[in-house]
Amino acid sequence: MPKKRKSGGRSGGKRGRATMKHCHACGALIPADKAKKYTIYSSPVDYRLAKELQSEGAHIPRQKKIAYYCVSCAIHRGRTNIRQKDQRKSN
Ligand SMILES: [Zn+2]
């Protein structure tokens, strides 16, 4: 059977078994090298208030959160797009 992708949709080469991560949206267990990784910055302060305070020179701390999405959730949320065969290799 022909392969759709040389890597099988994974990154990291011939590493063998990868560590498993939970999908941020559906909770499915997915291998970390196949998951789509996104960094989410969140602040406890409302963004309109934060913008106003920042313009006055205040420093507002923000929390860095790393989210992993499975491929189907990433596509559903518009994080990644389905691309034509010739466009797949770019990025
Ligand atoms: Zn998911």
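**Exercise 1. Determine what share of the residues of the protein chain counts as buried, and describe the overall extent of the chain.**

Solution. Step one concerns burial: in this predicted model, 16% of the 91 residues of the protein chain count as buried.

Along the principal axes, the C-alpha atoms fill a box of roughly 60 × 30 × 25 Å.

**Exercise 2. State how many helices and strands the protein chain contains, in which order they run, and which elements have the lowest and the highest mean pLDDT.**

Solution. Step one is the count: the protein chain has two helices and four strands.

Step two is the order, which reads β-β-β-α-β-α from the N terminus on.

Step three is the confidence. The mean pLDDT of the protein chain is 90, and 98% of its residues reach 70 or more. Among the elements, helix α1 (residues 47-55) has the lowest mean, 91, and strand β1 (residues 20-22) has the highest, 96.

Step four considers contacts along the sequence. Of the contacts between residues at least 6 apart in sequence, 54% join residues at least 24 apart.

**Exercise 3. Identify the salt bridges of the structure and explain why the pair Arg10 and Asp33 ties together separate parts of the sequence.**

Solution. Step one: the structure holds two salt bridges.

Step two: in one of them, the side chains of Arg10 and Asp33 meet at 3.2 Å, N to O. Arg10 lies in the segment before β1 and Asp33 in the loop between β2 and β3, so this pair ties together parts that are 23 residues apart in sequence.

Step three classifies the two partners. Arg10 has 36% relative accessibility and therefore counts as partly exposed; Asp33 has 11% and therefore counts as buried, since buried means under 20%.

Step four examines the surroundings of Asp33. Leaving aside residues up to four places away in sequence, Asp33 touches Gly9, Arg10, Ser11 and Ala18. The loop that holds Asp33 runs between β2 (29-31) and β3 (36-42).

Step five: Asp46 forms a salt bridge with Arg48, with the closest N and O atoms 3.8 Å apart. Asp46 is partly exposed, with a relative accessible area of 40%, while Arg48 counts as exposed at 56%.

**Exercise 4. Find which residues form a nonpolar patch on the surface with Val71, and decide whether Val71 is buried, partly exposed or exposed.**

Solution. Step one: Val71 forms the patch with Ile75 and Ile82. Together the three residues have about 270 Å² of accessible area.

Step two: Val71 is found in helix α2, which covers residues 71-76.

Step three: the relative accessibility of Val71 is 34%, and Val71 therefore counts as partly exposed.

Definitions and conventions:
Residues are numbered from 1 along each chain as its sequence is written. This is a predicted model: local features need pLDDT of at least 70, side-chain atom pairs count only at pLDDT 80 or more; totals for chains, interfaces and linings use all residues. Side-chain values use heavy atoms; hydrogens and water are left out. Patches are made of residues with over 30% relative accessible area and no salt bridge: like charges are joined within 9 Å, nonpolar side chains (Val, Leu, Ile, Met, Phe, Trp, Tyr) within 5 Å. Accessible areas come from the Shrake-Rupley method with a 1.4 Å probe; for residues, only the protein chains shown count as cover. A salt bridge is a side-chain nitrogen of Lys or Arg within 4 Å of a carboxyl oxygen of Asp or Glu. Buried means under 20% relative accessible area, exposed over 50%, partly exposed in between (1.4 Å probe, protein chains only). Contact means heavy atoms within 4.5 Å. pLDDT is the predictor's confidence in each residue, from 0 to 100.
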